[in-house]
Amino acid sequence: MTKSRLTTPGLLLAAIAVTLLAGCGKKPGAAAPQDLVVSIGIGEPKSLIPSSTTETEGAKVMDALFTSLVDYDKDMRPVDLAAESITTQDNKVWVIKLLPGWTFHNGEPVIADSYINAWNAGAWGPNAHDGNNFFVKIAGYDAMNPTRKGATPTAKKLTGLRKLDDLSFEVTLTSPYVNFKSMLGYTAFLPLPAAAFTDLANNQIDPAFQDAPIGQGPFRMQGKWQHDQLIQTVRYEKYAGAGKPHVAGVDFKIYQTQTTQYQDLLAGQLDIVPQIPLENLSGAIADLGARYKTSPASTIQILAFPTFDPRFSKVEIRRAISKAIDRDEIIQKIFLTSQAPLRSFVSPLVPGYRPNTCGEACVFNPQKARALFNAAGGPAAVKGRIEIAYNVDGGHKPWVDATCNQLRTNLGVECLGNPQPKFAEMLTKAEHKEPMGMFRMGWVFDYPAMENYLWPLYSTHGSSNYYGYSNPQFDHLVEAGDQAATPEAATALYQQAEDLLVRDVPVLPLRYALNSFGHSTRVANVEMDMFFRVKLLDLTAAPN
Amino acid sequence: MTAYLIRRLLQMMLTFVGATFIVYALMFSIASDPLQALAGDKPLNPSQRAQLTAQYHLDEPFIKQYGYYMKGLVTGKFGRAISGRQIADVMAEAWPRTLQLGLIALLIAIVLGISGGVYAGLRRGGAFDQTSLALTLVVIGTPIFVIGTVFQSVFAVELGWFRPSYAPELGIATYILPAIVLGLLSLATGMRLTRTSVAENLRSDYVRTASSKGLTRRRIVAVHVLRNSLIPVVTFLGTELGGLMSGAMVTEGIFNIPGIGGRLFQGIRLEDGPLVVTIVSLLILIYLVTSLLVDLLYAVLDPRIRHG
């Protein structure tokens, strides 16, 4: 044995250390405020074509690259943004006038055709865009979307879109829809430049387009989408919007987990974490201080009672369960106030929202709950056991278990969580009417309108009404609201519909989500909107 | 030797085809509704469902779907993952990263494991031997998830020696911390194995003979003991490369390395048969090749073994 052999591990460690130190040399230097490039953590987007971007990660990037026709004021009413005016006489035929002077990042002017072409491509069934359903209200949609397998569409363009001149076009809906202007703020209604298409007549978008999308927004792509790693954007100097960006660019860094985003924020490698995961929340409140913030977001969390499960057929049982749940305690203990209690059937962010529409049924009162429960038959009525189904991939176990504990204590009935591998599997079970207990659901709005909760969640043919609630009177009121002459008249009808839900309690409102975000010391004025997006035009460099 | 090689290669082909078939069948059996899994909590509209079902042949029987997949594999067209990207592109981006991570981890395991093990074996019962025994037991007993998170918090966030996440601009250095975490278990096992093997061989007859012939201790250890002690270690570490890469899923997740681990996880979540099977097939291929190499190395290390 010699000395040299002895020290081999030591030498290797030293070699690793040297390599490391060399790697650490590159630190972001202090930049002038206008030159700051802000990094924001996101997950890998599914798509970067506007009409196919319906999930929140892609929408964050779209918000940098594109500007929608409308924005929303503090009362959540739509206001013109890229549009000069959006007018209608009857809520059925809408005339959209564009602001002049807008250009795409490649220099093309933004004209009426930019919108018409993009919407036609999104509505054309064979493209199978995720946002396809958003065009369903426009005349001519059905001919482009046969639902029978193997059938080919009989039309390639929406008959409801008509160009008036270069900067204005007319949209005809199949029936009057009072919220259409609100709807236009959604990602699916963004324009596309002619450069995006390989074959305009056949609605063919260049597959390479989404690796470097060209928009008309405040930031333009720098290089290509580096899948699973990075999307870089820089300020678009010819941006025609009223607000201008105060930073030089935004880097969207793509992460597999939010926990790693948070570690990077602590290590100074990331500026903004839009959603701090629950497991880091207590640390974040201590570590970040004033750099940890919350703001309202549109997700609501509800517990649904499947109508095909006889255990929940009595409304008294449903009320008793609701009254036995202490929403505030779960929010404080489990969510560390990163969510807020919900006692209405729509989110507080929509015009027409009224607090506590659920009334007494959502007030925690263990004594009354138990009395009501026993009067309705007690544990025997639910066959001795309540179950709450949830998808295990969403981090729902802690609150489901806590809810069950409350039901066990307050109602004196056995309660168990019923874990399901995926949300899709819960849906399949609901479709086949397999009993799995109550099940959890979340709902994010697409645009701020009461109808965007009422119709999909509670109407008989609602796209997400998996529990089978059906009340013709309710359906009628919502439809009447959609066709009302003014937003105010619509709200009154929607509110009447919501009142019916109070009577039937088809679901239990539990909580609504808050954006709980954190940022580095390099940036200031970090705010988030109700779509989980950082307000990019507000961002500034932190004063030194 | 040539006959042996040919026989082994033929066996490999058989194993490969059989394994892909089994994995494809397993994926097919767990898939309930890949399109809904892709859409998440939102419902899928009927026209989109009809389009995608036809595009991915989702309504066709198992054997036909497998046929499409194998046809693609043979003609070099892997097709599209259910998320819409070309599988070939995903593979070309992800594999090099996982390979680099796995190789660096293996290198760390080999160099530190063997040298530490030899040293511990030579000084059996000494301070180094005792501490390394305690440490390796801790490593073997701790889940990799915990080790990864702790190392990330301590060495990257608190001390700032590394980046907490993948940073391509650092080049190969970005893999060092994750590779240490990933290689730690192999390192610990390799070290215990080497140590026992060396300690045993030191007491064997041929070592006594060699020292009575007057050979220096240095020569005895370097030429005789080491060579004989390495046989079990080579077997272990050789097959470990495949294990390291398939085990990279957790490490890649913690350190945000966009390698195959993340793709595999996503593929399983979205019930994406073609993507999962492509990744697993390549993993199987690596296992097969490394085990062949190990068997060939065997003959070099141990002259008593002859492949015929």
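## Exercises on a two-chain model

Chain B has 13 helices and zero strands (helices are DSSP runs of H or I with at least four residues, strands are runs of E with at least two, both numbered from the N terminus). This is a predicted model, in which local features need pLDDT of at least 70, side-chain atom pairs count only at pLDDT 80 or more, and totals for chains, interfaces and linings use all residues. Residues are numbered from 1 along each chain as its sequence is written, with chains lettered from A and ligands numbered from 1 in the order in which they are written.

**Exercise 1.** Describe how α5(B) and α8(B) cross.

*Solution.* Start with the axes, which are lines fitted to C-alpha atoms over the stretch in contact, with angles from 0 to 180 degrees between N-to-C directions. Helix α5 (residues 87-122) and helix α8 (residues 176-202) of chain B have axes that come within 6 Å and cross at roughly 30 degrees. Next, the handedness: this crossing of α5(B) and α8(B) is right-handed (the near helix is turned clockwise from the far one by less than a right angle). Finally, the contact of α5(B) with α8(B) holds 21 nonpolar, eight polar and one charged residue (Ala, Val, Leu, Ile, Met, Phe, Trp, Tyr, Cys and Pro are nonpolar; Asp, Glu, Lys and Arg charged; the others, Gly among them, polar).

**Exercise 2.** Work out which elements of chain B touch chain A.

*Solution.* Begin with the count: 49 residues of chain B are in contact with 47 residues of chain A (C-beta atoms, placed from the backbone, within 7 Å). Then list the elements of chain B that give two or more residues: α2 (34-39), α3 (46-55), α5, α7 (144-158), α10 (217-246), α11 (248-255) and α12 (260-269). The largest share, eight residues, comes from α3(B). By class, this side of chain B has 22 nonpolar, 18 polar and nine charged residues.

**Exercise 3.** Decide how compact chain A is for its length.

*Solution.* First, the elements: chain A has 16 helices and 21 strands. Its radius of gyration is 26 Å, close to the 24 Å that the globule rule gives for 544 residues, so chain A is as compact as a globular protein of that length (the radius is taken over C-alpha atoms; the rule is 2.2 Å times the number of residues to the power 0.38). As for burial, 48% of the 544 residues of chain A count as buried (20 or more other C-beta atoms within 10 Å of the residue's own, all placed from the backbone).

Definitions and conventions
Two residues are in contact if their C-beta atoms, placed from the backbone, lie within 7 Å. A residue is buried if 20 or more other C-beta atoms lie within 10 Å of its own, exposed if 12 or fewer, and partly exposed in between; C-beta atoms are placed from the backbone.
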